[in-house]
Amino acid sequence: MDGHNQGRMTFIYRFVIYAIGFLLFCEWLRPLETVTETEDVSVFYIYGAFCFFISFLQVQWWLSMPLKLIGMAFIIDGLYIGERIFSMEWMTIVYEQILFNAEVIQTREWWQMTPLFRSLLFLILLWLMSYLLYYWFVIAKRMFLFVVMTIVYVTVLDTFTVYDGQWAIVRTFVLAMLALGLSSFLKEMDKESISVSNFRKAHIWVLPLVLITLFSTIAGYASPKLDPQWPDPVPYIESAAGGAGAGPGGGGAIQKVGYGENDSRLGGSFVQDDTPVFKALADGRRYWRIESKDTYTGKGWEDTLAQPVNDVGNVEYKTFTDQVETEEKSSFIRMERGASFNKLVYPYGLSSLNEEIIPPGYRFRVHENTGEIDTVKGDSPGRLGEYVVRYDFPSFEYQQLRAADSEDPEEIQGKYLQLPDSLPNRVKNLAGQIMKDKENRYDRAKAVETYFSANGFEYTTDNVPVPKKNQDYVDQFLFETQYGYCDNYSTSMVVMLRSQGIPARWVKGFTGGEKIDTTANGDGDIQNLYQVTSSNAHSWVEVYFPDIGWVPFEPTQGFTNNADFYSDINDEDEDGAATEEDDSTTDSEIGNPQQVEDSASNGSDAALGSASDRSYAWVWWTLAGAAAAGLVLYFTRYRWMTAWLIWRYRRNKDEKTYEKAYTYLLTVLNHKGIKRNPDQTLREYARMVDTHFQTNEMRRLTNSYERTLYRNEDQSKEWGKVTELWENLIKKALS
């Protein structure tokens, strides 16, 4: 092959291998939208491709670095900064962001890191990966480790999250087969000094590899597959960790615990997490609201009503009208380090914050439709450490709710009656049956709220399935599983109400938490101190009543609505006397709601918790020991492999053993930096090795190897000398 064709083939080989590396790397980015709160990963794909392309062209560092920095700046500008790019105001914002996040890192308050800075760090990671993958795939030709890491990454996410890795595994398998096959093919060509005389015939050599890959993929996909033959290991991990995790069970996945913003894919089991989020000093247990969502997709919830947003110095957000009777109250909130969001938590009837204890520079962004209140310091998200919230606690009168049955405003109907076209008819039919004998909106909503407890539905956070591709989340819960947690119950109630023309919305926040102390204020009023943790994260329902507003309902089995209801009539009807609050019960969302049965069991629960901690620690120590042992074996692999091969080669004195021993020696020398060029003969390489070690042992060993390989001479009589030469060279290389 002439030099032009040889260079052309090398270029095409590198391009194909590097392109496969980029496609494998894309499998790492693909799950981000599903398992994290990243809304759009397309910008990361674009920047990743840009960095990979520059790395492939091998542009000099003094040019590649500015190009990648400029690309990064354009992305950051488009996502987060409204000022003209590279203007003084733009530079000031970037500088302040870096300075603020540097302080956050120094104080280890990771939850305070801004989205801009997190995106910046991720873009830098993409930059580094573009270089590393070029080195692994093109220069070192060691792609097997990255292939294995990709397969492990996809399978772990498929097992423990809602991400469906079925097609990701297929794609990874195809790409890995092509990359490894092509790499091995060209290595053999270099080893045997085989050249392709005509580049246009190269497809004849590659065609078998492509055909084998396609055949293996199609056969593997189309072949019948047995059900799992081994027990699911996740429940074992859960039991060993003291209930720290839950397996996929009927097709579910483990979800994160606590408040999160991405609810587009509901389902899956939850893990127990008692990380403190905030403490609240109040006269009674409250539901702490954060936001509502309006659009049901069949798989989860999306927020399409985020606008308009008002910037205010103080906040007021009420979900009801002035016709509702209220009582002025206040609560003190202190956020913990475990809080990972920069939003206000507030009770129903929020009227204002006590400005005296709000640090200067803070303001609030109020989403009018959803009630989401972002806390902002300067131009960056910030979190209030503590604040006093004033609110008008509502009391809803039964007869007033039953009488509020007039026509809803068009704005409410347009926003809160949405349902996907794919919703199965049997969901609507069931809702109609539940409400058919009810004459007013309140009784209809109450009938749906109590339907679950009256029909054997079970509250659980374990083995909760994720809906399949063509399966509706609510339909699955109502007609197939009939068990789940708050998301299942609240979503189902909203969907059933909407199917019968009743506006409703899905609400998120925290339940009241656990009472840990009681005190009296200056007026002699009793105040309770509540500890709210990630396990109190909860979702519930708000139903719209004309002229009254939004009224909270609690359909989840084992939970009690903390809203106050009363009747002007002395004899309360069967639907509803006001429920007196019992501070001896806990409303933990992720914890078992049956904890309310016996508050005296706290001592035994604590003992179980300590046992769980010990079991959990044992698992982690075992995993850490295994990982350490694996690292030791990996970094000492040439030494223990050499000791084993010396023992083996001394026992076997055939040609095959001789060839393997010599090839292994070349591998060790290459690992230690004495690399053989592709166009270098064995004798030339042997002289280079002997020059490095100041001996003639490599030339003697190579001469013996060539006589065995090309002349078929029997070297068994010289085996002792040959073995000694081989061992000496190995020891020198490893010293």
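Tutor: A helix here is a DSSP run of H or I that is at least four residues long. Keep in mind that we're looking at a predicted model.

Student: Which helix does F50 lie in?

Tutor: Helix α3, which covers residues 42–57.

Student: Why does F50 count as partly exposed?

Tutor: Its relative accessibility is 31%. Buried needs under 20% and exposed needs over 50%, so F50, at 31%, falls in between and counts as partly exposed.

Student: What does F50 touch, not counting residues up to four places away in sequence?

Tutor: L67 and K68. The cut-off for a contact is heavy atoms within 4.5 Å. As for S130, it is 80 residues from F50 along the chain, and the C-alpha atoms of the two are separated by 9.1 Å.

Student: What makes the pairing of the Q471 and Q476 side chains a polar contact?

Tutor: Their distance is 3.3 Å, and the cut-off for a pair of N or O atoms is within 3.5 Å. The Q471 side chain also has a polar atom 3.1 Å from the backbone nitrogen of K468. If you leave aside neighbours within four places in sequence, Q471 is in contact with G298, K299, Q476 and E480.

Student: How do you know that β16 and β19 pair?

Tutor: Pairing takes at least two bridges, and seven join β16 (residues 504–510) to β19 (residues 537–545), so they pair, running antiparallel. In that pairing, W506 stands opposite V541 of β19.

Student: Which helix packs on the sheet by touching β16, β19 and β20?

Tutor: Helix α16 (residues 486–499), whose direction makes about 15 degrees with that of β19. Helix α14 (residues 441–454) lies across β19 and β20, at about 155 degrees to β19.

Student: What is the strand order in the open sheet?

Tutor: β4-β16-β19-β20, four strands with antiparallel pairing.

Student: Why are β4 (288–293) and β20 (549–553) said to stand at the edges?

Tutor: Because each has a single partner strand, one side of each is left without a neighbour in the sheet. From one strand to the next, the twist averages 40 degrees.

Conventions:
Residues numbered from 1 in each chain as written. Predicted model: local features only at pLDDT ≥ 70, side-chain atom pairs only at ≥ 80, totals over all residues. Heavy atoms only, no water. Polar contact = N/O pair within 3.5 Å; in protein donor to acceptor, adjacent residues only side chain to side chain. Helix = DSSP H or I, 4+ residues; strand = E, 2+ residues; numbered from the N terminus. Buried < 20%, exposed > 50% of the residue type's maximum accessible area, 1.4 Å probe, protein only. Axes fitted to C-alpha atoms, helices over the stretch in contact; angles between N-to-C directions.
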